[in-house]
Amino acid sequence: MRYIEPHAHMVSRVTDDYAAMVTAGCRAVCEPAFWAGFDRGSAEGFHDYFCQLTDHEPKRAARYGLPHYAWLCLNPKEAENLALAKEVLALIPEFLDRPNVLGIGEIGLNKNSRNEVAIFERQVELAVRHNQMILVHTPHLEDKWKGTNLIVDILTRTPGINPARVIIDHVEEHTVATVLDAGFWAGITLYPLSKCSPARAIDMVEIYGTQRLWLNCACDWGHSDPLAVPKTALEMRKRGHSEAAIDRLIYGNPLRFLGQNPKFQVEKTAFES
Amino acid sequence: MNRQGITDLYFAEARSRLIDLAAFLDRVERSEGPDDFRLKSLRAALHELAEPSPDKAKKILLLLSDPTPEPVAQAGDKSACGAWSGF
């Protein structure tokens, strides 16, 4: 089995997780910028974090033979402080040419506040201005449906957005159709309690097809599983999906989306059963 | 996969979760105090399970969601609790 982990917050994980992921068949890992579990107090704190994502963490992953890529942004959980948010957004362009940076993400909404919407719109404009791909975080639990609708509405009315270069992550049964019908890619996040279980994820794959879907573990400092994607592949096997179909979903699909950025380089050979 | 296959694969897990849910409600009802919006939402969602219609997961997720269209004035607490406080 081979797979690409398109969404994992590896700065929060121990080196044993890298070893386990590579052993399970991981061929590349992508790390969107996110919230540290507490609010950073200054733009300098974000500058250091962006350096960590684009310099230190790729070196740590390389010790396990794993290519590491990053997405940069201000996470929506830190968007309420507009003055600090604007300072942080001004830092991002200087990092965009770094060799492992794939685009702007994970931007989006958390509690669907006016300030979150304002900063989301600014980061979408930043991505368009710099011709960057976009990775979008949708809110948690009771806030997801409303937030997903707000996000899709903003993206579809923003000039210059190509839906084929935008993935809207953390979809569930009540939001997946909204995202796919608008032409975007959709990410299914596999979590032990919230978001989606392997069985539900494969339900959605069977109902909506695999044309613009990927799976990710989004492992971070909270209750999460860095091996959730290969474990979901086992779930697909139990349901009778072929090895080729599994490979298309967990390797081919992230490769098709991420490969739109020429910086993303992994083995492109087709699976042969 | 046919219905027999799906049942073979998932029945034991679904049974376990169903009994966990029943035991949770027993635990709640042995305790004192009124239901808050989370428990009211959960009890409403249980009715969906008994309906002979498709898309039960989607309907329950919507029942537990904030249905309002406009952004809120301030984010306040960063975390979500799993049910809409206006239910």
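Where in chain A does A:His170 lie? The model is predicted, and in it A:His170 belongs to the loop between β6 (166–168) and α6 (176–181) of chain A. The backbone of A:His170 has a positive phi of about 65°, although the residue is not a glycine. Most residues other than glycine have a negative phi. A:His170 counts as buried because 26 other C-beta atoms lie within 10 Å, and the cut-off for that label is 20 or more.

A:Lys195 sits in the loop between β7 (185–189) and α7 of chain A. Its phi is near 55°, a positive value in a residue other than glycine. A:Lys195 is buried, since 23 other C-beta atoms are found within 10 Å.

Another backbone feature of chain A concerns a peptide bond. Most peptide bonds are trans. The bond that joins A:Gly105 and A:Glu106 is cis, with omega about -5°. A:Glu106 is part of strand β4 (residues 101–108) of chain A.

From here the helices of chain A can be taken in turn. Two packed helices are described by the angle between their axes and the distance between the axes. For helix α2 (residues 43–62) and helix α3 (residues 82–91) of chain A, the axes come within 9 Å and cross at roughly 35°. The crossing of α2(A) with α3(A) is right-handed. On the α2(A) side the contact is made by A:Ala43, A:Phe46, A:His47 and A:Phe50, and on the α3(A) side by A:Leu84, A:Glu87, A:Val88 and A:Leu91. By class, this contact holds six nonpolar residues, one polar and one charged. An α-helix has 3.6 residues a turn, so residues three or four places apart point the same way.

Helix α2 of chain A also contains A:Leu53. Is A:Leu53 buried or exposed? A:Leu53 is buried, because 26 other C-beta atoms lie within 10 Å. Apart from its neighbours within four places in sequence, A:Leu53 is in contact with A:Glu31, A:Ala33, A:Ala70 and A:Leu72. A:Leu53 and A:His9 are 44 residues apart in sequence, while their C-alpha atoms are 9.6 Å apart in space.

Next comes the pair formed by helix α4 (residues 114–129) and helix α5 (residues 144–156) of chain A, whose axes come within 11 Å and cross at roughly 40°. This crossing of α4(A) and α5(A) is right-handed. From α4(A), the residues A:Val117, A:Phe120, A:Glu121 and A:Val124 meet A:Leu150, A:Ile154 and A:Leu155 of α5(A). The residues of this contact divide into six nonpolar, no polar and one charged.

Further along chain A is helix α8 (residues 228–238), whose buried residues are A:Ala228, A:Val229, A:Pro230, A:Thr232, A:Ala233 and A:Met236. What covers these buried residues of α8(A)includes β1 (3–5), α1 (15–24), α7, β8 (213–216) and α9 (243–258) of chain A. After α8(A) comes A:Gly240, which has a positive phi, near 95°.

The other part of the model to consider is chain B. The secondary structure of chain B comes to three helices and zero strands, and from the N terminus on its elements run α-α-α. Chain B is divided into domain 1 (1–33) and domain 2 (34–65). The C-alpha centres of these two domains of chain B lie 15 Å apart.

How does the radius of gyration of chain B stand against that of a compact globule of 87 residues? Such a globule would have a radius of gyration near 12 Å, whereas chain B has 16 Å. Along the principal axes, the C-alpha atoms of chain B fill a box of roughly 50 × 35 × 25 Å. Of the 87 residues of chain B, 10% count as buried.

Finally, the two chains touch. In this interface 26 residues of chain A are in contact with 23 residues of chain B. On the side of chain A that touches chain B, α4, α5 and α7 (198–208) each supply at least two residues. The largest share, four residues, comes from α5(A). By class, that side of chain A has six nonpolar, six polar and 14 charged residues.

Methods
Residues are numbered from 1 along each chain as its sequence is written. Chains are lettered from A and ligands numbered from 1 in the order in which they are written. This is a predicted model: local features need pLDDT of at least 70, side-chain atom pairs count only at pLDDT 80 or more; totals for chains, interfaces and linings use all residues. Axes are lines fitted to C-alpha atoms, for helices over the stretch in contact, and angles run from 0 to 180 degrees between N-to-C directions. A crossing is left-handed if the near helix is turned anticlockwise from the far one by less than a right angle, and right-handed if clockwise. Two residues are in contact if their C-beta atoms, placed from the backbone, lie within 7 Å. Ala, Val, Leu, Ile, Met, Phe, Trp, Tyr, Cys and Pro count as nonpolar, Asp, Glu, Lys and Arg as charged, and the others, Gly among them, as polar. Domain bounds come from an automatic or database domain assignment. The radius of gyration is taken over C-alpha atoms; the globule rule is 2.2 Å times the number of residues to the power 0.38. A residue is buried if 20 or more other C-beta atoms lie within 10 Å of its own, exposed if 12 or fewer, and partly exposed in between; C-beta atoms are placed from the backbone.
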